[in-house]
Amino acid sequence: MLGGWIIVLAAIALLPAGPSQASFVLVALGVEILGLTLVFRAHLIPSRERK
Amino acid sequence: VTPIRIPALSETTAALCFLMVLLIPCATAGLALINAGLGRFRNAAHSMLSALCVIAVAALVYFAVGAAWQGGAGQPAFALHAAGKDWNWIGAGNYFLRGLELGGWSSLAALFGLMSVGLAAIIPLGSGADRWRLGACCASTVLLAGITYPLFAHWAWGGGWLAQLGFIDSGGAGVIQVAGGLTALSITWILGPRRGKFNPDGVPSALPGHNAVFVLLGCFFAWLGWLGLNGAGAILFTGVEASRTVLIAVNTALAAGSAALSVAAITRTRFGKTDASLCANGWVAGLVAVSAGCAVVRPAAAVIIGLIAGALVVYSVEWLELHLAVDDPGGSVSVHAVAGLWGLLATGFLAALTPGRWLVQLVGIATLLGFILPLTYGLNWLLNRVSPQRVAVEGERQGLDLYELGAGAYPDFMTHNEDFWQR
């Protein structure tokens, strides 16, 4: 998630406003959502532990 | 650096803004009632006392350090110079509000901050209900009011790098609601679910709130408070004129109403009956979602924002509980984080602003998910390592009222053993 945010910062700092900057921001948001999914999965309680 | 102009307020605008700021505690009271009503009866007094303590701690911490780090437009701040740009990242004001000029923008912004940081701090109480220790709530609030909130508030409202990009968050959908909602998510992860919430196969049990009247009454208070929150926020941080507060009030009412009706229609269609607690959550989600763009969207857009916010709440509550095993008794994650993020995004697409604004709003959303969530999770995880945040098993069985306060909210009620048994 942090990596995705750094990509966003890099895109707005280094790229001129336009389609390439927008694409980088969208991809970075995708990276963050992937990270969020993994964090959610990491917090699922294993069935063994529940029992 | 001293970037971005200081907004000039006429005496009339300042007076109107002051009155609106005074309405904000109604929103806090509304959320406190909703959280108490959605929890179990044996934790009701604890829930309300936690709300009071959290508001007090948040105000004191914000007064001590938060206001200085939040800063304001035109006030001193620290900036990093990278890639040919100045990145204004934190305020450099005076601690303990020293040197505050009374009567101007700065004093109104400080008062707004004192009120709104309490609102942000009360949001995680809904997700940690029935199992979060009173001392731990207060300690977690120190982190929120001292670090997370002022940092993002500076970026979005205090002339920080997001504000310089043109990020719009008039009433605090991101600064207050999403920051609070993401803290709520972190708290649910750290505390884990309530005992008896999930059976060994992972199927959730319904643990309904104890007082639907509290929950629905809380919605009325929240509405009143949000009228002030959105109006004052828009005047102070978006620089709108006082005359625009009428549009803000219209948008706020329309979004709340359409969100509640959206939830009512969906639950009626899917379950055959209208779900009162979800409708209440939908109402607040509408208020949360429209906060971002209340000053810059048309009434028709506010209705669309509300309708979608309501639908999002229904599916988000279900998804979080059934598929992601998140036990959030107050629905704080769905109502504040999910609806707040939707409001920020919708502002980019539906506001009557310059084209390309959606990208700036996306950068704000990415910052909340990619930086604020890991930050608040990390801080609360560390706190939990130092001092466990969850109450002992005995406290959960007995109820937090008796266990931590020594007296229940309803002394005439009896606790039944089956209320605690695992199903």
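**Where the chains meet**

Analyst: Between chain A and chain B, four residue pairs are in polar contact, both residues at pLDDT 80 or more; a polar contact is a pair of N or O atoms within 3.5 Å, where within protein one must be able to donate a hydrogen and the other to accept it, and residues adjacent in sequence count only if both atoms are side-chain atoms. This is a predicted model, in which local features need pLDDT of at least 70 and side-chain atom pairs count only at pLDDT 80 or more, while totals for chains, interfaces and linings use all residues. Residues are numbered from 1 along each chain as its sequence is written, chains are lettered from A and ligands numbered from 1 in the order in which they are written, and side-chain values use heavy atoms, with hydrogens and water left out.

User: Which helices of chain A supply the side that touches chain B?

Analyst: At least two residues each come from α1 (2–14), α2 (19–42) and α3 (47–50) of chain A. Helices here are DSSP runs (H or I, at least four residues), and strands are E runs of at least two, numbered from the N terminus. The largest share, nine residues, comes from α2(A).

User: What classes of residue are on that side of chain A?

Analyst: There are 17 nonpolar, three polar and three charged residues. Ala, Val, Leu, Ile, Met, Phe, Trp, Tyr, Cys and Pro count as nonpolar, Asp, Glu, Lys and Arg as charged, and the others, Gly among them, as polar.

User: How many salt bridges cross the interface of chain A and chain B?

Analyst: The rule, a side-chain nitrogen of Lys or Arg within 4 Å of a carboxyl oxygen of Asp or Glu, finds zero there.

User: New topic: is S316(B) buried or exposed?

Analyst: S316(B) counts as buried because its relative accessibility is 11%; buried means under 20% relative accessible area, exposed over 50%, and partly exposed in between (1.4 Å probe, protein chains only). S316(B) lies in helix α10 (residues 299–322) of chain B.

User: What does its side chain make a polar contact with?

Analyst: The partner is the side chain of S334(B), at 2.8 Å. Leaving aside neighbours within four places in sequence, S316(B) is in contact (heavy atoms within 4.5 Å) with S334(B) and V338(B).

User: And where does S47(B) lie?

Analyst: S47(B) is in helix α2 (residues 44–70) of chain B. At 17% relative accessibility, S47(B) counts as buried. Not counting residues up to four places away in sequence, S47(B) touches N35(B) and A36(B).
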